[in-house]
Each structure stands twice: as structure tokens, then as C-alpha cells.
Amino acid sequence: MTLTETTLLVVGGSSGIGFGVAQAALKAGAAVTIASRSAEKVEKACARLGGKVEGVTLDTADAAGLEAFFADRSFDHLFCSAASTRVAAVRELPLEDAYAAMQSKFWGAYRLARAARIAPGGSITLISGTLSTRPKPGTALQGAINAGLEGLTRGLAVELAPLRVNCIAPGLVKTEMVDTLDGDGRKAMFEGAAERLPAGLVGGPEMIAVQALAIMANPYMTGATVAVDGGGVLV
Ligand SMILES: NC(=O)c1ccc[n+]([C@@H]2O[C@H](COP(=O)([O-])OP(=O)(O)OC[C@H]3O[C@@H](n4cnc5c(N)ncnc54)[C@H](OP(=O)(O)O)[C@@H]3O)[C@@H](O)[C@H]2O)c1
């Protein structure tokens, strides 16, 4: 149960949770390819990873591009954290932004899983979020997208077997995505979350990565959604 000498594609690997997974997998001896939409972000991430990683530009919105990419390539493992979603209350979020969020996170993962060529014994790991089971006011859509991904995970695990399909549901994680919040709001959110969470801290990408690598390496795990959230669903 090791990732040594396995191949891993991390879509969303140029930033945040995906970057953390790429970093941890490299240390574990995997041959890692990272992908996202921006060639510049991919290039910078490859440099930060020490250059021992392949970088490619892929957009999960582009079904034909995904099919073309996998036409002559396969991987042992696929990790997908690619998404860009605006989160706001149902009556405040413009409908086009709501549809775009579902397109990006749910349909993006669906298109990727549909196109991906994964070697026998390999795995796909998706990312949802604990809002699926514990929504807060202003997060109904994000919770629904996450719940959809968790349902997709279970269905794909049955349909694509023996390929394994799992999902990680993170709570709040300090990544570039949450950096887009304004300074005061971000500080207050982190301080409040650390006080509220049973674990007493806000997670980092490396804490999601530990779980992701364990899922990929464990041949007895499929169809599971694992919360990595500092105990957030309990309080
Ligand atoms: N951070 C948290 O607190 C948290 C909590 C729960 C769940 N999550 C979920 O975890 C996932 C990752 O979050 P994160 O914090 O790591 O975000 P992030 O730092 O913004 O990273 C997102 C990554 O996805 C790529 N990406 C976005 N859209 C893409 C597309 N259409 N095709 C290919 N790549 C795409 C981005 O690069 P490009 O811009 O170059 O495409 C970037 O590499 C999201 O689904 C988020 O909802 C995050």
C-alpha cells in the first residue's frame, strides 16, 4: 500500500488543496502531473514543487480537450480539486453565477471522471466539502453541489469498479481560495473557526493531502466520503 512509482494526475494542482496533494505525493515517491486552466499558474506551481513534476493546462469545462488529453495517456490515480465557485445566499447570487458554480465544480468533476483513463487498481478522488451535510445560511447551493459530488462518488464506485472512487469533504482549509476574502473578514473567519472547532485549529492543504494519499494507497477503500474538518460537522 504505497504510492511509490505510481502515476498521479492532480487537476487543480496549481493551487490550494491540489497543490498540497501534489507536494505530498512527490514526497511519497509518485510521479506527479499537475493541471489547471492557467499555464502561468501551472508553471509557477511546478517551480514551487522543485521542477520534478510535469505541468499541463487542462480545463474541466472542455469535454473535448479532456478526451483528447486522455486519448494517449493513463494514470494510476486521479485527484480532482478543480473548481471555481461563487458562494452567496440563494436570493443574492445571480442565477447565472449559480449555474456557473454547478458547471464548474459538479459538472467539471463529472466530465473529468468520464474522460479519465485510470489503470486497473487505480483510483479517483473528488473533493466536496462539509457544507453537504452541515449547510450554513448563504451556502445552500455549495452544499447541494457538494452533496451531488458525494452521490456521484458512490455511483461511480459501483459503476466503474474495480476502479476505486472516493471523496474528501474538507471543512475550512487555509488556501488561496479563501485568500480572496477581504483581510478583516478572513482573519475573523479563521479566528472564529479555530475557537469553534473541536480540533482547535483551521486545517491546511497538507492535512487534506495526508487523507488523500491514504485513500489512494488503500485498496479496500471505495465509495467513501471522508470528512477532514477538525470536527466541524459535530458542532
Ligand atoms: N479551501 C477551503 O476552505 C475548502 C473547503 C471545503 C471545500 N473546498 C473545495 O476544495 C476545492 C479546492 O479548493 P481550494 O481551496 O484548493 O481552491 P483553489 O486554491 O482556488 O484551487 C483551485 C484549483 O483549481 C483550478 N481550477 C479551477 N477551475 C478549473 C477548471 N475549470 N479546470 C481546471 N482547473 C481548474 C485552479 O487553477 P486555474 O485557475 O489555473 O484553473 C486551482 O489550481 C474546491 O472545490 C472547494 O470548493 C475548499
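By class, the lining of the largest cavity has 6 nonpolar, 3 polar and 1 charged residues; Ala, Val, Leu, Ile, Met, Phe, Trp, Tyr, Cys and Pro count as nonpolar, Asp, Glu, Lys and Arg as charged, and the others, Gly among them, as polar. This is a predicted model, in which local features need pLDDT of at least 70, side-chain atom pairs count only at pLDDT 80 or more, and totals for chains, interfaces and linings use all residues. Residues are numbered from 1 along each chain as its sequence is written, and side-chain values use heavy atoms, with hydrogens and water left out.

**Largest cavity**

- The structure holds 1 cavity of 30 Å³ or more; on a 1 Å grid over the protein atoms alone, a cavity is a set of points where a 1.4 Å probe fits but cannot get out, and lining residues have an atom within 4 Å of a point.
- The largest cavity has about 30 Å³ of space, where a volume is the space filled by probe spheres set on the grid points, which are joined across faces, edges and corners.
- Its lining is made up of R86, V87, A88, L93, A101, G138, T139, A140, L141 and Q142.
- Helix α5 gives the most to this lining, with 3 residues; helices (H or I, at least four residues) and strands (E, at least two) are DSSP runs, numbered from the N terminus.

**Q142**

- Q142, one of the residues that line the largest cavity, is found in helix α5.
- Q142 counts as buried because its relative accessibility is 11%; buried means under 20% relative accessible area, exposed over 50%, and partly exposed in between (1.4 Å probe, protein chains only).
- The side chains of Q142 and T85 are joined by a polar contact of 3.2 Å; a polar contact is a pair of N or O atoms within 3.5 Å, and within protein one must be able to donate a hydrogen and the other to accept it, while residues adjacent in sequence count only if both atoms are side-chain atoms.

**Ligand site**

- The ligand is surrounded by 27 residues, and the closest are S14, S15, S36, R37 and T175; a residue belongs here if one of its heavy atoms lies within 4 Å of the ligand.
- The shell around the ligand divides into 10 nonpolar, 12 polar and 5 charged residues.
- Helices α1 (16-27) and α6 (176-179) each supply at least two residues of the shell, and the largest share, 3 residues, comes from α6.
- Oxygen atoms of the ligand lie 2.6 Å from a polar side-chain atom of S36 and 2.8 Å from a polar side-chain atom of K105.
- On the side of D59, an N or O atom of the side chain is 2.9 Å from a nitrogen atom of the ligand.
- Taken alone, the ligand exposes 890 Å², and the protein buries 92% of that; accessible areas come from the Shrake-Rupley method with a 1.4 Å probe, and for residues only the protein chains shown count as cover.

**Second largest pocket**

- About 190 Å³ of space lies in the second largest pocket, a pocket being an open set with protein on both sides within 12 Å along at least five of seven lines.
- This pocket is lined by 13 residues, of which A113, R114, L156, E159 and L160 are the closest to its centre.
- Two or more lining residues each come from α4 (95-115), β5 (118-127) and α5 (140-159), and α5 gives the largest share, 4 residues.
- By class, the lining has 9 nonpolar, 1 polar and 3 charged residues.

**K27**

- K27 lies in helix α1 and counts as exposed because its relative accessibility is 75%.
- The C-alpha atoms of K27 and P135 are separated by 35 Å, and the two residues are 108 residues apart along the chain.
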